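Please work through each task before reading its solution.

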Amino acid sequence: MIKNIIFDYGNVLVDWNPAYLFLPVFNGDEEKCRYFTDHICNREWFTRMDRGEDMDVCVAELQAQHPEYADAIALFRDRWFDMCHGDIPGMLEIIQDLKLKGYGIYGLTNWPAATFAEARRRFKTIGSIENYVVSSSVHLAKPEPAIYQLLLSKYNLKADECVFIDDRKDNVNAAMALGMKGIVYPGTADGLSGILYSMLLSDKKK
């Protein structure tokens, strides 16, 4: 029986996209912005901070490697929240409804330490989840199996009683490989609601 719902944060609870910050920096040139976010301030680089490396150190190292982009790289640190466009509409209501229905609500997120406390203050969706594991605090990151196992052990959860929701298929697949049910976030709260509540209803009928 499903008892617990585990949420990713970025692009499930909060709308996060580096292009929100960097597209204006490159004067609306999508090709230049895409090159920068694919090859300079890319996922491999910012995952280092998600795993707990110091943001100032990571920024300085990348600036030394790409001095022509030094000012833009600094913005990743100095204007980090410009990459966020707020809580995804409808997600707070889903969390609140699931709580009222008696489901345990948990968070499992790749998020840099330098901005996490402020994110909990800024975003109601994130602040509404009291029980969570954040990657930078444990020096692990999804889709590494160990971070999922850590969440399960920290809160004494059984994998087969959990649904994990993430916008990345590889992260969902990693959770399912450990025995959880998984949902790839479909892009809207309404879309998720249809999938999730159908899953929960089917589970209750078993």
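**Exercise 1.** Determine how many salt bridges the model contains.

*Solution.* A salt bridge is a side-chain nitrogen of Lys or Arg within 4 Å of a carboxyl oxygen of Asp or Glu. Under this criterion the count is 15 salt bridges. The model is predicted: local features need pLDDT of at least 70, side-chain atom pairs count only at pLDDT 80 or more, and totals for chains, interfaces and linings use all residues. Residues are numbered from 1 along each chain as its sequence is written, and side-chain values use heavy atoms, with hydrogens and water left out.

**Exercise 2.** Classify the exposure of Arg77 and Asp78, and state the N to O distance of their salt bridge.

*Solution.* Step 1: the distance between N and O is 2.7 Å. Step 2: apply the classes, namely buried (under 20% relative accessible area), exposed (over 50%) and partly exposed (in between), with a 1.4 Å probe and protein chains only. Step 3: Arg77, at 28%, is partly exposed, whereas Asp78, at 51%, is exposed.

**Exercise 3.** Characterise the salt bridge between Asp166 and Lys142.

*Solution.* Step 1: the closest N and O atoms are 2.8 Å apart. Step 2: the pair links distant parts of the chain, 24 residues apart, with Asp166 in strand S6 (residues 162–166) and Lys142 in the loop between helix H9 (135–138) and helix H10 (145–154). Helices (H or I, at least four residues) and strands (E, at least two) are DSSP runs, numbered from the N terminus. Step 3: Asp166 and Lys142 are both buried. Step 4: a network of salt bridges links Asp8, Lys142 and Asp166.
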